[in-house]
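Here are my notes on the model. Please read them with the structure open.

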Amino acid sequence: MTDITRAGTYSLAGHTVHRLGYGAMQLAGKGVFGPPKDRNEAVAVLREAVESGVDHIDTSDFYGPHVTNEIIREALHPYSDTLVIVTKVGATRGPDASWNPAFSKDALTEAVHDNLRNLKLDTLEIVNLRAMFDVHGPAEGSLDEPLETLADLKRQGLIRHIGLSNVTPTQIADAARITEIVCVQNQYNLAHRNDDGLIEQLASQGIAYVPFFPLGGFSPLQSETLSTVALSLEATPMQVALAWLLQRAGNILLIPGTSSRAHLRENLASAALTLPPEALTALDGIGGGRATAAH
C-alpha cells in the first residue's frame, strides 16, 4: 500500500488532512456526464483511496449530475470521522451536457440539499462556490449575492465552511468580507501558472489552495522536459507533475482524479517522489520559470 504521509499534511477548515487527496469528477461518464462505464471499479477506486490514507475527497452533485455523489455514498457511507468531503455549487448541467451558471438563491439552496441527500449527510463540511462568469477560467463579477445565500445556509447549519472555485484575487478579497473562506480551487499545474502570486498570498493567510486539473485536465500535460525529468527519476511524467506541485508550496492540496485503481496507485506514489534542485529548475522552465522562488 502506498504511503501518502510523505506528502505531508495541511489544515483544511480545522482538519489536518494529507496533502494528497482525490477528485471524484472522473467517476462519472464521458464528459463528466451520465453513469460510469464500470461502476464497480469506481466504487473500488474510492475504497482503495481511503484505505491508502486519502482523507480529502473533492466532488460535486453536478458531476453526472448526481452520479459521483451517489457512488461516494455507496462506496464510503457511513463515512470515517477523519474524511473531509468537499463539494461545490454554482453550476448545473444541461441535457446536452453543457455547464450552466446556477447562482440564484433557489438554485444554490436546491444544490446544497441535493448534495446533502445524495451524499447522505446532515451537514456539508465544505462547499465551494464555483464562479461561472467564464466557464474556462476566472473572470471578474460580483459573487456577493450567491455568497450571502451560502452564508445563510451556513448559519442554518447545512454548511460548516465555504470555499471558492474559479475565482480572481479581487473576488477572494470581497468574499472574505461576507464569510470566512477556507480554500480556493483554481486551475494550476506545471504549464498553467497564472496563480503563482495568489498561492503565496493565500499561504500567508493559512488558506488552502487546491489546484484543479493538476495533470492538465481534459488535455493531459505534454512536455519533452517533463518526460526527460521523469525518465531520469524512473518515474512517470504524471508523478513528476504531481510531485512538483507538492514541492511548490505547503498550502497546496492535490486532488488528482481517476476512474482506475492502477492510475490511482500511480498518482498516490508521487507522495514518495522528491525532485532534486536541477529537476525543479528544468520543470519551472515549462511555465516560464515564474515559480522558482516559491519552492
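Is Arg193 buried or exposed, by its relative accessibility? Arg193 counts as buried, because its relative accessibility is 1%. Keep in mind that this is a predicted model. The points below start from that residue.

1. **Arg193 and its partner.** Arg193 forms a salt bridge with Asp284. The closest N and O atoms are 3.9 Å apart, and the cut-off for a salt bridge is 4 Å. The pair links distant parts of the chain, 91 residues apart. Arg193 sits in the loop between S10 and helix H6 (196-204). Asp284 belongs to helix H10 (residues 277-284). Asp284 is buried too, with a relative accessible area of 1%.

2. **A network of charges.** Asp196, Glu200 and Arg248 form one network. They are joined by salt bridges that share partners. The total for the model is 11 salt bridges. Side chains of opposite charge can pair when their charged atoms come close.

3. **Glu125 and Arg160.** Glu125 is buried, at 14% relative accessible area. Arg160 is partly exposed, at 43%.

4. **Asp114 and Arg117.** Here the salt bridge lies within one helix. Asp114 and Arg117 are 3 residues apart in helix H3 (residues 105-119), so about one helical turn separates them. The closest N and O atoms of the pair are 2.8 Å apart. Asp114 counts as buried, with 15% relative accessibility. Arg117 is partly exposed, with a relative accessible area of 48%.

5. **Asp61, a buried charge.** Which side chain of opposite charge is nearest to Asp61? It is Arg117, 5.2 Å away. Asp61 is buried yet has no salt bridge, because a salt bridge needs the nitrogen and the carboxyl oxygen within 4 Å. Arg117 does form a salt bridge with Asp114. Asp61 is in the loop between strand S4 (56-58) and helix H2 (67-76). Its side chain makes a polar contact with the side chain of Asn69, at 2.9 Å. Beyond its neighbours within four places in sequence, Asp61 is in contact with His66, Asn69, Thr87, Lys88, Asp114, Asn115 and Asn118.

6. **Two cis peptide bonds.** Check both by eye. One joins Gly64 and Pro65, with omega about -10°. Pro65 is in the loop between S4 and H2. Asp61 has its place in that loop as well. The other cis bond joins His77 and Pro78, with omega about 0°. Pro78 is found in the loop between H2 and strand S5 (84-89).

7. Val32 has a positive phi of about 60° although it is not a glycine. It lies in the loop between strand S3 (22-23) and helix H1 (39-51). Val32 is buried, with a relative accessible area of 4%. Asn166 is another such residue, with phi near 60°. Asn166 has its place in the loop between S9 and helix H5 (169-176). At 2% relative accessibility, Asn166 counts as buried.

8. **The cavity.** How many cavities of 30 Å³ or more are there? The count comes to 1. The largest cavity has a volume of about 40 Å³. Its lining consists of Leu12, His56, Asp58, Val86, Asn128, Cys183, Gln185 and Val210. S4 and strand S10 (181-185) are the elements that give two or more residues to this lining.

9. **Ser259.** Ser259 is in the loop between helix H8 (237-248) and helix H9 (261-268). It is partly exposed, with a relative accessible area of 36%. Leaving aside neighbours within four places in sequence, Ser259 is in contact with Gln26, Leu27, Glu41 and Val45. Glu278 is 19 residues from Ser259 along the chain. The C-alpha atoms of these two residues are separated by 33 Å.

How values were computed:
Residues are numbered from 1 along each chain as its sequence is written. This is a predicted model: local features need pLDDT of at least 70, side-chain atom pairs count only at pLDDT 80 or more; totals for chains, interfaces and linings use all residues. Side-chain values use heavy atoms; hydrogens and water are left out. Helices (H or I, at least four residues) and strands (E, at least two) are DSSP runs, numbered from the N terminus. Buried means under 20% relative accessible area, exposed over 50%, partly exposed in between (1.4 Å probe, protein chains only). Lys and Arg count as positive and Asp and Glu as negative; His and the chain ends are not counted. A polar contact is a pair of N or O atoms within 3.5 Å; within protein, one must be able to donate a hydrogen and the other to accept it, and residues adjacent in sequence count only if both atoms are side-chain atoms. Contact means heavy atoms within 4.5 Å. On a 1 Å grid over the protein atoms alone, a cavity is a set of points where a 1.4 Å probe fits but cannot get out, and a pocket is an open set with protein on both sides within 12 Å along at least five of seven lines; lining residues have an atom within 4 Å of a point. Grid points are joined across faces, edges and corners, and a volume is the space filled by probe spheres set on the points.
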